[in-house]
Amino acid sequence: MFRIALFIEAKKLFSSRIPLFTLLASLLVPFLGAFFMLVLGDPLIAERLGIVSLKAELIGIVDLSTYLNFLAQAIAIGGLIIFGFVFTWIFGREYVEQTIDDLLALPVSRSVIVLAKFTIAFLWCFCLALAVLIIGIFLGKLLALPGGDIIKKIGLDFLLVASFTILLSTPLAFLACWGKGYLLPLGFMIFTLVLAQVITAIGYGAYFPWSVGAVFTGLAGEEALPHFSFFSVLFTGLLALGGTIFWWRTVDHG
């Protein structure tokens, strides 16, 4: 039964334009990072483009480590928008398109439906993150950036940050169900993005789940994360998953 529900949810997703839009949005990240590396490595390009000050404003060494770390930082922040949109659409569309009653009338457990939706959302978001990493490594090699010997470590760090971001997008699924649409989760997404920046700036990012990814990548400077930070991210994801299942099983969706 779960495999059937999974197939149906996958068909819904890939019958829409969401995969194309989110993939294009995700691939902007490695190309933008490659452009920054190109400018940092050749100030003459910056001068020709009229952005001479960019080299002075961007602090970093032109190597693969810096480039991949930039991608991780972008995923820690921008990924909340892209991944969050995926979760919001997968769960909110049933209410917006008024298909929720038909879905609940099927002889399938509500828990199975929710788990299938979460599985598709997780898998697609991880594929997006993997695409960013692969294209990023390809562009880094194309630009002949030094430091290729640490690809494995930096790549694993990138995927860990991407996993954080995916887990922190799960509350949007619950909010899409609670708000019966897109408005509430998208509003929450903007609120957490802004709040995460403020909390990180004042030095308490390690204690706010939505700031953990940025702190881990060094966006707020060198700061060691306590084990509590990683636990808070996992707890947030599991709480959202459990809350969504509970909502579907107990609340009238009419």
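**Ground rules.** I worked on a predicted model, where local features need pLDDT of at least 70, side-chain atom pairs count only at pLDDT 80 or more, and totals for chains, interfaces and linings use all residues. Residues are numbered from 1 along each chain as its sequence is written, and side-chain values use heavy atoms, with hydrogens and water left out.

**Positive phi.** I began with the general point that most residues other than glycine have a negative phi. Q98 has a positive phi near 55°. I found Q98 in the loop between α5 (64-96) and α6 (100-104); helices are DSSP runs of H or I, at least four residues, numbered from the N terminus. At 66% relative accessibility, Q98 is exposed (over 50%, 1.4 Å probe, protein chains only).

**Helix α7.** I checked the length of α7 next: its 33 residues should span 48 Å at 1.5 Å a residue, and the end C-alpha atoms are 48 Å apart, which agrees. The expected span is 1.5 Å times one less than the number of residues. After α7 comes A144, with a positive phi near 55°, and A144 is exposed at 63% relative accessibility.

**Cores.** Which residues have the most contacts inside the largest nonpolar core? I noted Y67, F83, I90, F91, F158 and W248, in a core of 48 residues. Such a core joins buried (under 20% relative accessible area) Ala, Val, Leu, Ile, Met, Phe, Trp, Tyr and Cys residues through side-chain atoms within 4.5 Å. α5 gives the most to this core, with 14 residues. A second, separate core of 16 residues includes F164, L193, I199 and W210.

Note on methods
Helix = DSSP H or I, 4+ residues; strand = E, 2+ residues; numbered from the N terminus.
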